[in-house]
Amino acid sequence: MKLFFAPLFLFLLSLLPLNAQSYLSVTAKRGDGILVLLGRYGLDRSPCNLKKFCQLNKLKETDYLMVGKNYKLPILEYKYNGRSIRSTVGISSWQRAKQIERYNESMELFRLKTHFKSKNAPLWYPHHLKACAVDLDKHVPKGRHFPILGKNFADVPLKDKRLAGAVYYLVSGHGGPDPGAVANYKGKPICEDEYAYDITLRLARELLSHGALVYLIVRDANDGIRQLEYLPKDEDERCWPNESIPKGQSERLSQRSDVINDLYRENLRKGLYYQRLVEIHVDSRSKKQRIDLFFYHYPESLRGRELARRLHQHIRGKYKQHRASGEYKGTVKARDLHMLREVIPTPVFIEVGNIQNPKDQKRILLPANRQALADWLAEGLIKDY
């Protein structure tokens, strides 16, 4: 009997996760249902997690939870080995390790746990990443032709898959009946929405070339990427997928945030957890005031602050490299703006210059400069991913 049980015990032990202590146990609060409890801990509300939760707690999907009772969540707890996430949980995939890291970071932001590298703090490995993980490469757009980018730029070669699984919602400021800030250039009006849109298109193309899934929320079927200094004003922009843009500001902003949040939930159900909103504007100030890029984040968003700081740091490095003086005065600030407050994906709001200042105008008027801005922002986003 001993000879039989020893191998059986070793076999069963081999099926347990490496270094895992147990499944996380939490206490149900008033108003908690199974999906509410799963959602609080950032778990994918798919049959995968639901089935595992019921299995762990010997429940049916229709059962109620009891207030004050402990339940096991489909989250394995590991003691971090001090080397890497991959060696801690016994995986080889770098992308999977980054997903685990981002999940733990999100739980830290919601103050549900402390950093896994802290003393006696666990590393959490959610069940859906272990047993129901998404093949991120499958979400790289297969077709490489994107007509919205314009005739000469619609074909986008796939350089690599560095952004496989990353989702970006790109919003160029204003549009439709609202041109945004307006200035004069050689006797002609130049409008914020046209130049913000061109930079946004260029950014979209660069992100697509690295395998990202990109949504252009403000869209103009006639105006692709344009190699022109002067971009004439029009009002035919639409909101994703093809809705007219309201005249009222509150209606216009709500339309955009609602669309983005619906798309976010749709992509979350597919297992895509890294989702970012990038909104691009051109500021309007005194004609004498020259400014560099401003990055805004929502005051309560720690992840948004880190995204803004990372982009700011990368742009600052580029200006030190390419500007003769090396001086850069761009800033990172918190602002309570609708498009930072009302969207679910982590947002950043960017002002790329002062449309009234003649020197800043060159930053947006020259096609090469618009391309440089887009390339540098894309590089910063790749770093963030």
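Biologist: Which helices each supply at least two residues of the lining of the second largest pocket?
Modeller: Bear in mind that this is a predicted model. The residues that line this second largest pocket include R290, K318, H322, K359, N369 and W376. The helices that each give at least two residues to the lining are α9 (302-322), α11 (358-365) and α12 (367-384).

Biologist: Which helix gives the largest share of that lining?
Modeller: The lining of the second largest pocket takes at least two residues each from α9, α11 and α12. The largest share is four residues, and they come from α12.

Biologist: How many residues in the lining of the second largest pocket are charged?
Modeller: Among the lining residues are R290, K318, R323, K359, K362 and R363. The lining also has four nonpolar and two polar residues. The charged residues number six.

Biologist: Where does the largest pocket lie?
Modeller: The protein is divided into domain 1 (22-129) and domain 2 (136-384). Both domains give residues to the lining of the largest pocket. The pocket therefore lies between domain 1 and domain 2.

Biologist: Which residues lie nearest the centre of the largest pocket?
Modeller: Its lining has 48 residues. By class, they divide into 21 nonpolar, eight polar and 19 charged. Nearest the centre are S106, F110, Y264, R303 and T346.

Biologist: Which helix gives the most to the lining of the largest pocket?
Modeller: The helix in question spans residues 94-109. It supplies ten residues of the lining. That helix is α5.

Biologist: What area is buried between domain 1 and domain 2?
Modeller: The domain centres, taken over C-alpha atoms, are 34 Å apart. Ten residues of domain 1 are in contact with ten residues of domain 2. Carbon and sulfur atoms give 51% of the buried area. That area is about 800 Å².

Biologist: How far apart are the end C-alpha atoms of residues 274-382?
Modeller: UniProt places the feature "domain: MurNAc-LAA" at these residues, in an unreviewed entry. In the model, the span is 45% helix and 24% strand. Its end C-alpha atoms are separated by 12 Å.

Biologist: Is the peptide bond from W240 to P241 cis or trans?
Modeller: P241 sits in the loop between β9 (238-239) and β10 (243-244). Most peptide bonds are trans. From W240 to P241, however, omega is near 0°, and the bond is cis.

Biologist: What is the phi of N120?
Modeller: N120 is found in the loop between α5 and β3 (122-126). Most residues other than glycine have a negative phi. N120 is not glycine, yet its phi is positive, near 65°.

Biologist: Which residues does E235 touch, leaving out those up to four places away in sequence?
Modeller: E235 belongs to the loop between β8 (218-219) and β9. Its C-alpha atom is 9.1 Å from that of D220, a residue 15 places away along the chain. A touch here needs heavy atoms within 4.5 Å. With sequence neighbours up to four places away not counted, E235 touches G176 and P177.

Technical notes
Residues numbered from 1 in each chain as written. Predicted model: local features only at pLDDT ≥ 70, side-chain atom pairs only at ≥ 80, totals over all residues. Heavy atoms only, no water. 1 Å grid on protein atoms, 1.4 Å probe; cavity = no way out; pocket = protein on both sides within 12 Å on 5 of 7 lines; lining within 4 Å. Nonpolar A, V, L, I, M, F, W, Y, C, P; charged D, E, K, R; others polar. Domains from an automatic or database assignment. UniProt positions renumbered as here; feature names shortened; annotations may be inferred. Buried area = accessible area lost by both parts, 1.4 Å probe.
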